Amino acid sequence: QGQVTKDFDKESLLDADRSHMWHHMSPYNPNPMIVTEASGSWITDIDGNRYLDGMSGLWCVNVGYGRQELADAAYEQLKQLAYFPLTQSHVPAIRLSEKISEWLGEEYRVFFSNSGSEANEVAFKIARQYHHQNGEPGRYKFISRHRAYHGNTMGALAATGQSIRKEKYEPLAPGFLHVPPPYCYRCPAGKSYGKCNLECAQYYDQVINWEGEKTVAAVIMEPTITGGGVLVPSPEYMPKVREICDKYGVLMIVDEVICGFGRSGQKFGHQNFGIKPDIVTMAKGITSAYLPLSATAVRAEIADKFNEQGNNLHFRHVNTFGGNPAACALALKNLEILEEEKLVERAEELGAELRAKLAFLADHPYVGDIRSFGFLMGIEMVEDRNTKEPAAPAKLTQVITECKKRGLIIGRNGDTIPSFNNVLTLSPPFTTTSDDIDFISQVMKEAFDTLA
Ligand code: PMP
């Protein structure tokens, strides 16, 4: 711990923050929490208050805070080789690409960038170029889902299915279409699970037909829509979409930015559904967010189309920082920790424990639905359990505030229509203990009790 982080005066820092900082998502936030240190699942603010970080930052600090081994891996690599562009190669990137293929269970070729948004942009460009090289240059459209979030850049934002995030920035990249999400609690087709024909998956078939199958390049989906309110699909959904993609020669891009690296209880979220994507994008948990890094993994068979012959087949995309050696070395150490401490299996157990200990919430008059996927959870709040009218925004704010007062940070997500932003979220680090889960459960109980 150096002077930089220890020597501070809160009021002067807040003054400087107000004058110079532009916070993410916030128009003006005069009193941000200034976080100064963290260890395991717990963060400490400038006043010395400790909080259990129930969101792992932004669903990303999977192995928990304060891991000396991760800092050392980056430090050692920075001393040996701080940088070289990936137009050539370096050892940490080679080893990491090999490891990612191993985790995916077959041969993929990996393109490195710095953020989830960039990884998705790369996936879109590769998908379009693949079809060019496959003799079908007319395939340029992408199908995503309403409520999905895929990033903040013009293509990734176009793929995002939340209108309020987009409305002041349009026109975005053209060619992005959306289908309704799999959302059994509010089934877009008005059916109920078990008595439906998987309409949520069939929408793809219809849209591909109506648009013209030879115009569609790829679909993009998360294994579970996370930022859009934790919408967990039925077990049959992803296999059905895979089948439809195969039927029409459409590529399947799976966005594992949140669900990857153990969060789902498997190495990657899609492995819960027994399918093989054509392209997998990943970020966040790849380094447990200790350094920026993302990756776009492309099935070897598709990547091979780029190597057939001639320069015109090259993928013309370069990213200066993408695959920085220190970030790759740190990511490798992060994956080693996940393996050695059996944290992927642990995430599955923690998810089950969290579900069991929060099961009492299912009876709460303002809780409509509780959904979980591995070690992440969404609690959808309603005004009335019969009409399913979304809970007033103030009720969610109250639960979040009461949790924070008691030392627990939780998240909030959902649709972008403000009244539908009604899902509380939890996605704690895998270092969370059983005692921590008892703490989460006790605090959530007290916070919900204040609504009575
Ligand atoms: N995809 C998903 C599913 C995400 O949740 C996010 C970020 N929350 C992104 C992509 C974009 O990642 P980044 O913020 O690193 O650009």
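Trainee: In this predicted model, which residues of α12 are buried?

Mentor: A residue counts as buried if 20 or more other C-beta atoms lie within 10 Å of its own. Helix α12 spans residues 325-340, and twelve of its 16 residues are buried. Those are P325, A326, A327, C328, A329, L330, A331, L332, K333, N334, L335 and L338.

Trainee: What covers the buried residues of α12?

Mentor: The helix as a whole is mostly covered. Among the elements that cover its buried residues are α4 (68-80), α5 (91-104) and α13.

Trainee: Which element gives the most to the side of domain 1 that touches domain 2?

Mentor: The chain is divided into domain 1 (3-63 + 343-449) and domain 2 (68-340). Their contact takes 30 residues from domain 1 and 29 residues from domain 2. On the side of domain 1, α3 (56-59), α13 (343-357), β11 (367-373), β12 (376-381) and β15 (423-426) each supply at least two residues. With five residues, the element that gives the most is α13.

Trainee: How do the residues of the side of domain 1 that touches domain 2 divide into nonpolar, polar and charged?

Mentor: This side of the contact holds 30 residues. They divide into 13 nonpolar, eleven polar and six charged.

Trainee: Which helix provides the largest share of the shell around the ligand?

Mentor: The ligand is surrounded by 16 residues, and the closest are S115, G116, S117, G151 and V257. By class, this shell has five nonpolar, nine polar and two charged residues. Its largest share, three residues, comes from helix α6 (residues 116-133).

Methods. Residues numbered from 1 in each chain as written. Predicted model: local features only at pLDDT ≥ 70, side-chain atom pairs only at ≥ 80, totals over all residues. Near = placed C-beta within 6 Å. Helix = DSSP H or I, 4+ residues; strand = E, 2+ residues; numbered from the N terminus. Nonpolar A, V, L, I, M, F, W, Y, C, P; charged D, E, K, R; others polar. Domains from an automatic or database assignment. Contact = placed C-beta atoms within 7 Å. Expected span 1.5 Å × (residues − 1).
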